[in-house]
Amino acid sequence: MAKEGFFICVEGLDGCGKTTQAKILVNRLKRKGYDAVYTAEPSSGRIGKFIKEYCLHGGKRLSSVVEALLFAADRFEHVEKEVIPDLEKGKIVVSDRYVYSSLAYQGAAGLDLGWIKMVNEHALKPDLAIFIDAQPEIVMQRLKPKKSVMENLETQLKVREVYLKFVESGELVKVDGNKSKQEVAEEIFSLVIRSLAKTNI
Ligand SMILES: Nc1ncnc2c1ncn2[C@@H]1O[C@H](COP(=O)(O)OP(=O)(O)OP(=O)(O)O)[C@@H](O)[C@H]1O
Ligand SMILES: [Mg+2]
């Protein structure tokens, strides 16, 4: 029987610290002796590269339906080619953004959440989905030089509202992203260790 890994995704607004924290988490897990791997969406595959080039930094947003379908297509490749093979090797896979980003960003743009879920039906459910909750005003400050088309305060406020719906429903676990990098890392690490303790990994 294939060994089972553990699938974690890290979610939140642009600039909340996802990349910083996902990488710290992987390093800390490795130091504890776990086989952990960092991955991200948009992925490094062809659709992911297309998204980064034409959707995020092209100056203007595409229609939200096109965005949602492209992200779902990229996710399908990401899951099939990277996430599942690594989980089958028994690894802890930490994904910097996942399906909740589609729900939050395209949901905030007005698309029906049920429809977004439907086009992401193939997306494997994470074992632990973390939402780094930082104030939109704070993350906008952090992001000053490298804003993408999604990054204006009005969008970020709406995106946060959708993320918070999934916190309420229990699908996302919230951590306080307004604290220092070290404090956030500590909160995430103890959450992950508690979740891992409930599995046999
Ligand atoms: N807790 C924190 N306190 C202060 N600054 C932070 C904190 N976490 C991250 N930063 C800084 O904020 C900036 C954005 O962080 P990071 O790139 O990790 O965010 P992100 O969520 O991955 O953003 P994006 O969605 O744009 O990829 C970086 O310069 C990072 O060093
Ligand atoms: Mg990032």
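Helices (H or I, at least four residues) and strands (E, at least two) are DSSP runs, numbered from the N terminus. The model is predicted: local features need pLDDT of at least 70, side-chain atom pairs count only at pLDDT 80 or more, and totals for chains, interfaces and linings use all residues. Residues are numbered from 1 along each chain as its sequence is written, and chains are lettered from A and ligands numbered from 1 in the order in which they are written.

**Exercise 1.** Locate R97 and describe its backbone and its burial.

*Solution.* Step 1: R97 lies in the loop between β3 (92–96) and α4 (99–108). Step 2: its phi is positive, about 80 degrees, although R97 is not a glycine. Most residues other than glycine have a negative phi. Step 3: a residue is buried if 20 or more other C-beta atoms lie within 10 Å of its own, exposed if 12 or fewer, and partly exposed in between, with C-beta atoms placed from the backbone. R97 has 25 such atoms within 10 Å and is therefore buried.

**Exercise 2.** Determine which strands pair with β4 and how enclosed β4 is.

*Solution.* Step 1: two strands pair if DSSP finds at least two bridges between them. Step 2: β1 (residues 6–12) is joined to β4 by 5 bridges and runs parallel to it; G12 has I132 of β4 as its bridge partner. Step 3: 4 bridges link β4 to β5 (residues 173–176), again in parallel, and I132 stands opposite V175 in β5. Step 4: because 5 of the 6 residues of β4 (residues 128–133) are buried, the strand is largely enclosed by the rest of the structure.
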